[in-house]
Amino acid sequence: MRLVVVGNGMAGARLVSEVRARDRHVKITVFGAEAWQPYNRVLLSNVVAGTSRPDQVRLLGPRWHAEHNVTAHLGVEVVAIDRDARTVVAADGTREPYDVLVLATGSEPVIPAIPGVERATAFRTLDDCDRIREAAASARSAVVIGGGLLGIEAARGLAGRGVPVTLLHVRDHLMERQLDAEAGLILRETLGSLGVAIRTGVTVTAVRERHVELAGGELVDADLVVVACGVRPVVGLARDAGLEVERGVVVDDELRTDDPSIFAIGECAQHAGRVYGLVAPAWEQASVLADLLTGADKGARYRGSRLVTRLKAKSVELAAMGETHLTDEEAEIVRFSHRHKGTYRKLVIRDGRLVGAILLGETSAVGTLTQLFDRGGPLPGDRTGLLFPGVAAAATADNPTRMPDSARVCQCNNVTKGQIRACWESGARDVEAVAAATRATTGCGGCRDAVEGIVGWLCEQEGVSA
């Protein structure tokens, strides 16, 4: 089989590695519009902040493709698909035939149509990070436009470099899709204490030479302007090829488009009417498709993902999942708020099951809540105990001795406690070895404490030093 993958980002790179792990003989060719080896976009704020180098956020080593017999065209964009000839055409003239084609073209930044926006820099790629860091070295002030996940991460990264930064957001509170108003307020105060000035409910009308102009004429100082106003799926290639496209490339439970030889995964794909903008669904899709393409599991199907959003910004702990905006009339709401300490915790419960949660501040309960959210099982009667790991209910669920082997520890890579145990029994006696074998901790990194706890507990049982 000749497999061609268009896209070498987090979805495409994961698919290639998953296929090669299952089958050593498939002929794989991958095209990546970026010249970089595949890297973890989730950790780009660390690169902006200077706490990580570009090589530290790589997903695959520089020699991985050659060592695994994968032909990689890096920095080469695919510009057309000839469905009749089953061939892709690249910008450099390369024509590559395929038996199976997978589109993993990802997303592109949404750039608002305002005067002077060409002076701003997007925050999406490693090249963007290079431009931001170069500008930040001499900037006396910076503005980030957009108070969603990416905007907050960019602003925190700039503040970490000592650049005075103002974050501008058109909505009334930050991350309005994931957070309610109270959580948004506490997050605002937390970021403020870390050096990020925040203005909500404001509209940017122009980007000037050293200022950003707001509706009403107010000017905000800005030697550096970063735009983080969301992303949209890259679907032009699929649309030009005549594939069914709505918000994303429409796929079924096999991740197949309306052309039986073409599939799509990741942020460019639309499954059951939904486009996912997080890494965990992309990696779940890659695993399912690898099973199908190699025959490892011909019954594999993608049924959708349950999303857990983690903010990756230094000194800010935040996790949100599910339906966080339901009211007391629509669901049972359990909440705890301590603005002075920057803590907010909220459970949204319907029919005795967890359907949403927000954890801001200390988030040690996130492992327990994520498991309950994923499984959809009944909750204990003591609701408040779920919010505080020191209470027996949460401690019991978090304790590795009580956690079932089926419990999913790493959301990004779908790694269970049982897989970690099996890995440990095969000789992986520390977190790094477990990560190398299972990929746990290599996504957003939010599960590292849980993995360390499980490995430590297993070592204690055997009297082995972790």
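Accessible areas here come from the Shrake-Rupley method with a 1.4 Å probe, and for residues only the protein chains shown count as cover. This is a predicted model, in which local features need pLDDT of at least 70, side-chain atom pairs count only at pLDDT 80 or more, and totals for chains, interfaces and linings use all residues. Residues are numbered from 1 along each chain as its sequence is written, and side-chain values use heavy atoms, with hydrogens and water left out.

**View 1. The whole chain, with its surface and its fold.** The chain exposes about 20,100 Å², and carbon and sulfur atoms supply 46% of that area. Running through it are 13 helices and 28 strands (DSSP runs numbered from the N terminus: helices are H or I with at least four residues, strands are E with at least two). The radius of gyration is 23 Å, close to the 23 Å that the globule rule gives for 466 residues, so the chain is as compact as a globular protein of that length. That radius is taken over C-alpha atoms, and the rule is 2.2 Å times the number of residues to the power 0.38. Buried residues make up 54% of the 466 (buried means under 20% relative accessible area, exposed over 50%, partly exposed in between, with a 1.4 Å probe and protein chains only). Of the contacts with a separation of 6 or more, 61% come from residues 24 or more positions apart; a contact means heavy atoms within 4.5 Å.

View 2. The chain carries 54 positive and 59 negative side chains, and the centres of the two sets lie 2 Å apart. Lys and Arg count as positive and Asp and Glu as negative, while His and the chain ends are not counted; each charge is placed at NZ of Lys, CZ of Arg, CG of Asp or CD of Glu. Zoom in on Arg156, which sits in helix H5 (residues 149–160). What is the nearest side chain of opposite charge to Arg156? That would be Glu153, 11 Å away, and Arg156 is buried with no salt bridge (a side-chain nitrogen of Lys or Arg within 4 Å of a carboxyl oxygen of Asp or Glu). Leaving out neighbours within four places in sequence, Arg156 is in contact with Leu194, Val196, Ala313, Lys314 and Ser315.

**View 3. Arg140 and Asp223, a pair between two loops.** The structure holds 25 salt bridges. One of them joins Arg140 to Asp223, with the closest N and O atoms 3.4 Å apart. Arg140 lies in the loop between helix H4 (126–136) and strand S10 (142–145), and Asp223 in the loop between strand S15 (219–221) and strand S16 (224–227), so the pair ties together parts that are 83 residues apart in sequence. Arg140 is exposed, at 60% relative accessible area, whereas Asp223 is partly exposed at 25%.

View 4. Glu254 forms a salt bridge with Arg301, the closest N and O atoms being 3.0 Å apart. Glu254 is in the loop between strand S18 (249–251) and strand S19 (262–264), and Arg301 in the loop between helix H8 (279–294) and strand S22 (308–310), so this pair ties together parts that are 47 residues apart in sequence. Arg301 counts as partly exposed, at 29% relative accessibility. Leu255 also has its place in the loop between S18 and S19. Leu255 has a positive phi of about 65 degrees although it is not a glycine, and at 0% relative accessibility it counts as buried.

View 5. The closest N and O atoms in the salt bridge between Arg350 and Glu323 are 2.7 Å apart. Arg350 lies in strand S25 (residues 343–350) and Glu323 in the loop between strand S23 (318–322) and strand S24 (332–338), so the pair ties together parts 27 residues apart in sequence. Arg350 is partly exposed at 32%, and Glu323 is partly exposed at 35%. Elsewhere, salt bridges that share partners join Arg14, Glu18, Arg22, Asp291 and Arg439 into one network. Arg439 has a positive phi of about 75 degrees, although it is not a glycine. Its place is in the loop between helix H12 (431–438) and helix H13 (448–462).
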